[in-house]
Structures are given as C-alpha cells and as structure tokens.
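My entries follow in the order I made them.

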Amino acid sequence: MSLDVFILYLCCAKPQNDDMKQNWRAEMAEMPQITPFVMCADLKEEIAFFENRLGFTTGFVAQDGFGYAFLRRDNVAVRLLTKQANLHDERRQQMVYIDVDDVDALWAELEPRLADLPEGRMRAPFNQTYNQREFHVIDEGACLLMFGMAHPYPDYN
C-alpha cells in the first residue's frame, strides 16, 4: 500500500465494531469547536454589540489592559482582541462564518436588535448559490459575521 493510499485510509476509515470505536477515539484528540479572534478598535463597544445585538454573553474580560474578551452563545464563541491590532491596514479583512440550525428563527430573534444599524451593516436571510441560507451582520470593528445553514432549495433568491 502506498503512503498516500494509507493516509487516505486513515482519514476516511470508520471503525467497524465497539472495540475499534473505543480505540479509534482514544487515539484521536477531539476538536469541539473553533473560536475565531475578532480584532476590534474599542473592546467595550464590541462587547456591547455582541451582547445586545447578537445575544452573546461575556465569559471573561482581561483586566490587565491587554484588550481581550471571550464571549459565547450556545456552542459558538468569539475572542475579541484590541492589542497589537493594526485596524488601519487596508488589507485587513475579517469574516466569521457561524453555522446555525435555523437561520430564519435566529434572524427573527435578532432582527429587532439589528434594525437600527446603519444601512449596509446587515442583510436579511437569503439563499446562496452554494446551497447555504445566510444572513450577514457587520460588527463595530468592520468584521463580517455570516450566520448560515445548509439548504436544499433550488431557488437562489
């Protein structure tokens, strides 16, 4: 067996019985989530945006002047960071994709809190050509937050 075939086997093989499943999991480290760093100019303003507009709760804010906060909602978390962020670099572009189980229900919850954002800072749910239904929000630090779910719809309006 060639090395590339062996690697493919390791990546795709599924355990066949309970003993194999137990050993399989014991050998693999679990990755329960990915938590993006979102750069921001004003930590207090960004925390308020995530809490008041998106329903996140703050779990931790660094008190040492570092400019760091950890926020969570359900199984999604973000880490806000101000220290050493070059927010004037035109090449700086941030986007965060948050998978949700019901885009329209989440939009119905959040839309009243987002309604007074300036024009262009949010986009209501719509279907993408890549079989995702999404809505978009631009946070206080110009990070594009995309909330989405897979959808089987043939129309892309």
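Where is Ala41 found? I located Ala41 in the loop between β1 and α3 (43-54). Helices here are DSSP runs of H or I with at least four residues, strands are runs of E with at least two, and both are numbered from the N terminus.

Before going on I noted the ground rules. The model is predicted, so local features need pLDDT of at least 70 and side-chain atom pairs count only at pLDDT 80 or more, while totals for chains, interfaces and linings use all residues. Residues are numbered from 1 along each chain as its sequence is written, and side-chain values use heavy atoms, with hydrogens and water left out.

Entry: Ala41. Is Ala41 buried or exposed? I recorded Ala41 as exposed because its relative accessibility is 63%. The classes are buried under 20% relative accessible area, exposed over 50% and partly exposed in between, with a 1.4 Å probe and protein chains only. I also checked Gly67, which is 26 residues from Ala41 along the chain; their C-alpha atoms are separated by 9.4 Å.

Entry: overall layout. I listed four helices and eight strands. Along the sequence they follow the pattern α-α-β-α-β-β-β-β-α-β-β-β. The protein has 157 residues, of which 34% are buried. For contacts (heavy atoms within 4.5 Å), I took the pairs at least 6 apart in sequence, and 51% of these join residues at least 24 apart. The accessible surface comes to about 10600 Å², with 53% belonging to carbon and sulfur atoms; the areas come from the Shrake-Rupley method with a 1.4 Å probe.

Entry: strands around β4. I counted strands as paired if DSSP finds at least two bridges between them. Strand β1 (residues 37-39) pairs with β4 in the parallel sense over three bridges. Strand β3 (residues 68-73) runs antiparallel to β4, and six bridges join them. Which residue in β4 stands opposite Val38? I found Leu80 there, and Ala69 also stands opposite Leu80. The hairpin of β3 and β4 has two residues between the strands, and Asp74 takes a positive phi near 55 degrees in it.

Entry: Gln94. This residue lies in the loop between β4 (76-81) and β5 (95-99). I recorded Gln94 as buried because its relative accessible area is 14%. Its side chain reaches the backbone nitrogen of Met39 at 3.2 Å. That is a polar contact, meaning a pair of N or O atoms within 3.5 Å; within protein, one must be able to donate a hydrogen and the other to accept it, and residues adjacent in sequence count only if both atoms are side-chain atoms. Leaving aside residues up to four places away in sequence, Gln94 touches Phe37, Val38, Met39, Ala142, Cys143 and Leu144.

Entry: His151. I found His151 in the segment after β8 (144-150). His151 counts as buried because its relative accessibility is 4%. What does the side chain of His151 reach at 3.2 Å? I noted the backbone oxygen of Gln132.

Entry: largest pocket. I read off about 260 Å³ of space in the largest pocket. Of its 16 lining residues, the closest to the centre are Arg73, Asp74, Asp99, Val100 and Leu106. The elements giving two or more residues to the lining are β5 and α4 (103-114). The largest share, four residues, comes from α4. A pocket is an open set of points on a 1 Å grid over the protein atoms alone, where a 1.4 Å probe fits, with protein on both sides within 12 Å along at least five of seven lines; lining residues have an atom within 4 Å of a point. Grid points are joined across faces, edges and corners, and the volume is the space filled by probe spheres set on them.
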